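This report covers one protein chain.

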Amino acid sequence: MLDGLCRKKRKNPILSKGHNLSRKFFILVLIASLVVLVISTLVYYRHGYRTGINRIKQNIEFIKESYLPSVAASLYAFDETQLQLLLKSMLKLEGIARCEVTEELGSRQLKFSEGHKPDPTQQPQVFPLIYYHSNGAATTIGTLFVYPDY
């Protein structure tokens, strides 16, 4: 019986060393996996953030190229329904939080807006609204403010 206990004691140090080695290897694999996970997550979100910012910039450029003439013509004709429709359609673009149109022509003080209130720190993209007459003359009639939501 005493001989059996001595054998068990001899086997434990050998198992203990192997157990420590496997535990250290497991911890090393776990730490390496966590490091790889954190790095890949950061790269993924950074790429997604840049892609989102580029999409918002493209949408602002799309508004500049496509919407400005229509908004200017609607403001010049004082077509309130068309202006509201154009502003609502701009809000459907990704990353656009608010759109405002102000008139600077004549004695009328008009302001049309759609979207939620912007942050005080949020800077809008400002576009002058220029109406081109049939004779080629250009008149600045207002301003379009586009608030992106980054």
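Two strands count as paired if DSSP finds at least two bridges between them. The model is predicted. In β4, Ile130 has Thr140 as its bridge partner. Tyr131 stands opposite Thr139, also in β4.

**Layout**

The chain holds two helices and four strands. From the N terminus on, the order is α-α-β-β-β-β. Of the 150 residues in the chain, 27% are buried. Contacts reach across the sequence: among those between residues at least 6 apart, 58% join residues at least 24 apart. The chain exposes about 10,900 Å². Carbon and sulfur atoms supply 61% of that area.

**Strand pairing**

β3 and β4 run antiparallel and are joined by eight bridges. Their hairpin has five residues between the strands. Within this hairpin, Gly136 takes a positive phi near 100 degrees. β1 and β4 are antiparallel as well, over seven bridges. On that side, Val101 stands opposite Leu144 in β4.

**The nonpolar core**

Which residues have the most contacts inside the largest nonpolar core? They are Ile63, Val71, Met90, Val101, Leu129 and Leu144, in a core of 23 residues. The elements that give two or more residues to this core are α1 (2-76), α2 (80-91), β1 (96-103), β3 (125-132) and β4 (138-148). Helix α1 gives the most, with eight residues.

Met90 shows how the parts meet. Leaving aside residues up to four places away in sequence, Met90 touches Ile63, Tyr67, Val71, Ile96, Cys99 and Leu144.

**A nonpolar surface patch**

Phe26, Ile27, Leu30, Ile31, Leu34, Val35, Leu37, Ile39 and Val43 make a patch of about 850 Å². Leu34, one of these residues, lies in helix α1. Is Leu34 buried or partly exposed? Leu34 counts as partly exposed, because its relative accessibility is 46%.

**Salt bridges**

Side chains of opposite charge can pair when their charged atoms come close. The structure holds three salt bridges.

| Salt bridge | Distance between N and O |
|---|---|
| Arg55 and Glu94 | 3.6 Å |
| Arg98 and Glu100 | 2.8 Å |
| Lys111 and Glu100 | 3.9 Å |

Take Arg55 and Glu94 to begin with. Their closest N and O atoms are 3.6 Å apart. The pair links distant parts of the chain, 39 residues apart. Arg55 is in helix α1, while Glu94 is in the loop between α2 and β1. Arg55 counts as partly exposed because its relative accessibility is 39%. Glu94 has 41% relative accessibility, so this residue is partly exposed too.

The other two bridges share Glu100. Arg98, Glu100 and Lys111 are linked in a network of salt bridges. Between Glu100 and Arg98 the N to O distance is 2.8 Å. Both of these residues are buried. For Lys111 and Glu100, the closest N and O atoms are 3.9 Å apart. This pair links distant parts of the chain: Lys111 in strand β2 (residues 111-115) and Glu100 in strand β1, eleven residues apart.

Why does Glu100 count as buried? Its relative accessibility is 8%, and buried means under 20%. Lys111 is exposed, because its relative accessible area is 55% and the cut-off for exposed is over 50%.

Technical notes. Residues numbered from 1 in each chain as written. Predicted model: local features only at pLDDT ≥ 70, side-chain atom pairs only at ≥ 80, totals over all residues. Heavy atoms only, no water. Core = buried A, V, L, I, M, F, W, Y, C linked by side-chain atoms within 4.5 Å. Buried < 20%, exposed > 50% of the residue type's maximum accessible area, 1.4 Å probe, protein only. Contact = heavy atoms within 4.5 Å. Patch = residues over 30% accessible without salt bridge, like charges linked within 9 Å, V, L, I, M, F, W, Y side chains within 5 Å. Areas by Shrake-Rupley, 256 points an atom, 1.4 Å probe, with all protein chains shown as cover. Salt bridge = Lys/Arg side-chain N within 4 Å of Asp/Glu carboxyl O.
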